[in-house]
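Hi everyone, thanks for coming. Have a look at the screen, and then I'll talk you through it.

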Amino acid sequence: MHMSDYQKSELPISEKVVIDAIEKANKAISGTNRSFEFSIHEKTKAIMVKVVDNDTHEVIREIPAEKILDMVAKMWEMAGIMVDERR
């Protein structure tokens, strides 16, 4: 993810700090043929980091694993349903 200085200036300060940290981390590992991809899991709103091979675009590692976050979201959903049914 690379943003121009103008695009960064339009973001809230906390987002600027995150974007800058992502860019610095990607520069630090730039010689290793790998990069980081950051995203937010839709249902849990948790930040996910993927380490990706730039040549093959293969995901080498996910932190935390998306499957785990999907499972957590499903448990939250089931717990919410159980609470609603008791009313």
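When I say helix or strand, I mean DSSP runs numbered from the N terminus: H or I with at least four residues for helices, E with at least two for strands. Counted that way, the protein chain has 3 helices and 3 strands, and from the N terminus on they go α-α-β-β-β-α.

A quick word on the source: this is a predicted model, where local features need pLDDT of at least 70 and side-chain atom pairs count only at pLDDT 80 or more, while totals for chains, interfaces and linings use all residues. Residues are numbered from 1 along each chain as its sequence is written, and side-chain values use heavy atoms, with hydrogens and water left out.

Now the sheet. The 3 strands make an open, antiparallel sheet, ordered E1-E2-E3; strands pair if DSSP finds at least two bridges between them. Why is one side of E1 and of E3 left without a neighbour in the sheet? Strand E1 (34-40) and strand E3 (59-63) are at the edges, so each has a single partner strand. E1 is joined to strand E2 (residues 47-53) by 7 bridges, and Glu-37 has Lys-50 in E2 as its bridge partner.

So, buried or exposed? Buried is under 20% relative accessible area, exposed is over 50%, and partly exposed is in between (1.4 Å probe, protein chains only). Of the 87 residues in the protein chain, 22% are buried. Take Ile-68, which sits in helix H3 (residues 66-86): its relative accessibility is 44%, so Ile-68 counts as partly exposed.
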